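Subject: Model for your files

Hello,

Here is the model I said I would pass on. My notes follow below it.

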Amino acid sequence: MDIEDLATRILAGERRALARAITLVESGRADHRVQARALIERLHGHDNVALRVGLSGTPGVGKSTFIEAFGMMLTAQGLKVAVLAVDPSSARSGGSILGDKTRMERLSRDRNAFIRPSPSQSHLGGVARRTREAIDLCEAAGFDVILIETVGVGQSETVVAEMSDLFLLLLAPAGGDELQGVKRGIMETADIILINKADGDLKATATRTCADYAGALRLLRKRVQDPEGFPKALTVSAVEENGLDRAWEEMTTLSDWRREAGHFEARRAAQARYWFEAEVREGLLARLRREPVKGAMTTLAHQVEAGEISAAAAAEELLETYLGEVPPA
Ligand code: GDP
């Protein structure tokens with residue numbers, strides 16, 4: 001594959017080249033990894049800064065309906081929108097339930113939109129890297145807004161929050177009791193909580209739910225890096241396309257404020273550091289699972305089992321052999 005040619009075409013905003021490049025970064029093949037790294041390096045330093053928006057919500061809350069309506073609104077304003085997904089369940093179910101084009105048919109036909117379903121990968125680490133690289137590629141291809149969708153379960157929300165400039169939480173109208181169901185950690189990562197389905201019979205409940213969350217958000221520690229009133233809760237109706245413009249207005253207010261105050265850049269820098277450290281940990285673990293360390297570990301494990309050497313001494317011996325001598329802390 002001609003990496004230079006691919007890079008040129010991505011920088012020119014060619015969607016087919018972008019799709020091909022994402023397929024490349026998704027591949028687990030060693031030679032593909034080498035090419036993917038070369039491509040990412042080559043594109044590094046391009047000057048387009050997209051707004052990366054993480055979006056989380058449980059299945060059925062209206063994520064695809066919202067992304068489609070919201071995405072169409074943005075493309076109508078002349079913005080280029082990419083949709084990516086981090087799907088923690090795709091490995092198990094074998095199929096993707098997020099970022100699926102059939103869930104966003106109108107948006108997928110939009111020339112200014114690019115939708116990429118989540119790949120089926122075996123572990124979240126792989127999905128995280130692939131998504132980060134796909135974000136880089138979309139940004140290089142000139143997209144203005146990159147929506148990163150995930151399901152509100154487990155670790156995937158943290159993963160998405162660590163690669164987003166803004167994090168949205170989509171919720172359904174519900175009775176007050178269910179407020180407890182949203183984990184505190186998620187409330188703390190959310191910049192804007194959107195109560196969807198604020199229409200028809202659900203409208204009054206949605207308004208009440210929104211007030212409940214607004215109250216809960218006020219109790220959280222105020223973030224020094226944000227302007228007055230954030231994080232905030234809003235009602236929207238993805239189906240009736242109500243409140244989407246307001247949501248976008250709040251998102252731009254927040255991101256503009258952070259840009260001016262230097263927090264936008266600082267957050268990206270902290271995220272880059274976070275992912276560097278995560279990559280180092282992943283890389284170390286991967287090397288432990290490969291020869292020659294794997295064999296040495298098995299041998300030492302047998303010696304530990306037989307009581308010939310203590311667990312701590314065996315571990316130290318292994319680490320010293322492969323990582324060099326570590327002075328005592
Ligand atoms: P996802 O699983 O989070 O992607 O949710 P979907 O977008 O597939 O929506 C799940 C269901 O909720 C579908 O039947 C939608 O039509 C419905 N839905 C989504 N948004 C709204 C909304 O704003 N109002 C109402 N009344 N229903 C909605």
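Buried here means under 20% relative accessible area, exposed means over 50%, and partly exposed lies in between (1.4 Å probe, protein chains only). The model is predicted: local features need pLDDT of at least 70 and side-chain atom pairs count only at pLDDT 80 or more, while totals for chains, interfaces and linings use all residues. Residues are numbered from 1 along each chain as its sequence is written, and side-chain values use heavy atoms, with hydrogens and water left out.

Helices (H or I, at least four residues) and strands (E, at least two) are DSSP runs numbered from the N terminus.

Helix α3 first. In α3 (residues 30–43), the buried residues are His32, Arg33, Ala36, Leu39, Ile40 and Leu43. They cover an arc of only 125° around the axis, so they sit on the same side of α3; the arc is that of the directions from the helix axis to the C-beta atoms. Ala30, Val34 and Glu41, on the other side of α3, are exposed. The helix has 14 residues and spans 20 Å from first to last C-alpha, close to the 20 Å expected at 1.5 Å a residue (the expected span being 1.5 Å times one less than the number of residues).

Helix α1 (residues 3–11) buries Ile3, Leu6, Ala7 and Ile10. These fall within an arc of 100° seen down the axis, so they line one face of α1. Asp2 caps the N-terminal end of α1, with a side-chain oxygen 3.1 Å from the backbone nitrogen of Glu4. Gly13 follows α1 and has a positive phi, near 80°.

Now the sheet. Seven strands form an open sheet with parallel pairing, in the order β3-β2-β4-β1-β5-β6-β7; two strands pair if DSSP finds at least two bridges between them. The edge strands, each pairing on one side only, are β3 (113–115) and β7 (232–235). Neighbouring strands are turned by 20° against each other on average, direction ignored. β5 (residues 166–171) and β6 (residues 192–195) pair in the parallel sense over four bridges, and Leu168 stands opposite Ile192 in β6.

Helix α10 (residues 203–219) packs on the sheet, touching β5, β6 and β7 (contact means heavy atoms within 4.5 Å). The direction of α10 makes about 175° with that of β7; axes are lines fitted to C-alpha atoms, for helices over the stretch in contact, and angles run from 0 to 180 degrees between N-to-C directions.

Regards

Definitions and conventions: A polar contact is a pair of N or O atoms within 3.5 Å; within protein, one must be able to donate a hydrogen and the other to accept it, and residues adjacent in sequence count only if both atoms are side-chain atoms.
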